[in-house]
Amino acid sequence: MKKIIKLTLAVALMLGATSTFAQKLGRINSQELIFVMPETKEMNTKLQALGKELQDNMEALQVEFNQKFTDYQKNLNTYTDSMRQLKEDDLRQMQTRLQEYEQIAHQDMQKKQSELFAPIADKASKAINKVAKANGYTVVFDTSAGSMAYFDEATLTDIAPLVRAELGISDADVEAAKKEALAAAQGAQQALPAAPTK
């Protein structure tokens with residue numbers, strides 16, 4: 001009888017230990033997921049509009065500065081010392097305002113990006129958590145973080161398709177986002193000045 005109890009206890013311990021190692025592990029690249037979310041496209045559109053507005057304001061200030069500087073240079077010989085000093089002070093102040101505006105515009109852009117990105121990242125995180133819980137995953141690694149020294153991709157299930165389905169993102173949406181990114185990259189490459197030839 002003691003042998004049966006010991007054998008039963010040993011089997012129970014082995015089964016318990018085996019179930020501990022039978023965890024379901026998943027992986028996802030959260031950056032790729034966020035990239036294909038429709039909210040990201042909306043965010044980029046809003047950021048481009050803000051960037052254009054800020055750039056237009058900057059250009060208007062620059063035009064005004066250039067006009068004043070040209071006027072100053074053209075009439076330099078006609079100014080009295082006090083008027084010349086006044087014009088130079090005005091130009092220095094305007095140049096300072098230009099630099100301050102550029103810094104503020106950069107800060108506004110970063111603030112707006114953070115403000116628009118936070119709910120997108122939160123939505124992605126909630127979808128990942130929901131899919132992981134619904135499908136019994138005990139651990140999901142984010143491969144975009146790059147903090148893992150090594151992992152065998154074959155042992156981890158890619159849950160991206162499940163999460164995209166949870167978010168209502170189709171394969172066609174993924175392909176469209178990839179094509180848009182490729183077109184944007186090619187457009188940016190073409191916009192670069194050509195390298196000088198010898």
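In which helix is the place of Ile 34? Ile 34 has its place in helix H2, where helices (H or I, at least four residues) and strands (E, at least two) are DSSP runs, numbered from the N terminus. The structure is a predicted model, in which local features need pLDDT of at least 70 and side-chain atom pairs count only at pLDDT 80 or more, while totals for chains, interfaces and linings use all residues. Residues are numbered from 1 along each chain as its sequence is written, and side-chain values use heavy atoms, with hydrogens and water left out.

**The chain as a whole**

- The protein chain has six helices and three strands, and along the sequence these follow the pattern α-β-α-α-α-β-β-α-α.
- Of the 198 residues in the protein chain, 21% are buried, where buried means under 20% relative accessible area, exposed means over 50%, and partly exposed lies in between (1.4 Å probe, protein chains only).
- The protein chain has an accessible surface of about 14800 Å², and 57% of this belongs to carbon and sulfur atoms; such areas come from the Shrake-Rupley method with a 1.4 Å probe.
- When contacts in the protein chain between residues at least 6 apart in sequence are considered, 81% of them join residues at least 24 apart, and contact here means heavy atoms within 4.5 Å.

**Ile 34 and Thr 40**

- Ile 34 counts as buried because its relative accessible area is 11%.
- Not counting residues up to four places away in sequence, Ile 34 touches Thr 40, Phe 117, Ile 120, Ala 121 and Ala 124.
- Although Ile 34 and Arg 164 are 130 residues apart along the chain, their C-alpha atoms are separated by 9.6 Å.
- Thr 40 lies in helix H3 and is also buried, because its relative accessibility is 7%.
- Leaving aside neighbours within four places in sequence, Thr 40 is in contact with Ile 34, Phe 35 and Ile 120.

**How H4 and H5 pack**

- Two packed helices are described by the angle between their axes and by the distance between the axes.
- Helix H4 (residues 81-134) and helix H5 (residues 160-167) pack at an angle of about 115°, and their axes are 9 Å apart; the axes are lines fitted to C-alpha atoms, for helices over the stretch in contact, and angles run from 0 to 180 degrees between N-to-C directions.
- On the H4 side, Lys 123, Ala 127, Ile 128, Lys 130 and Val 131 meet Leu 162, Val 163, Glu 166 and Leu 167 in H5.

**Nonpolar cores**

- A nonpolar core is a set of buried Ala, Val, Leu, Ile, Met, Phe, Trp, Tyr and Cys residues joined through side-chain atoms within 4.5 Å.
- The largest nonpolar core has 22 residues, and those with the most contacts inside it are Ile 28, Leu 33, Met 37, Val 163 and Leu 167.
- H4 gives the largest share of this core, seven residues.
- Leu 167, leaving aside its neighbours within four places in sequence, is in contact with Leu 33, Met 37, Lys 123 and Ala 127.
- Another core, of 11 residues, lies apart from the largest one, and among its residues are Leu 54, Phe 65, Tyr 72 and Tyr 79.
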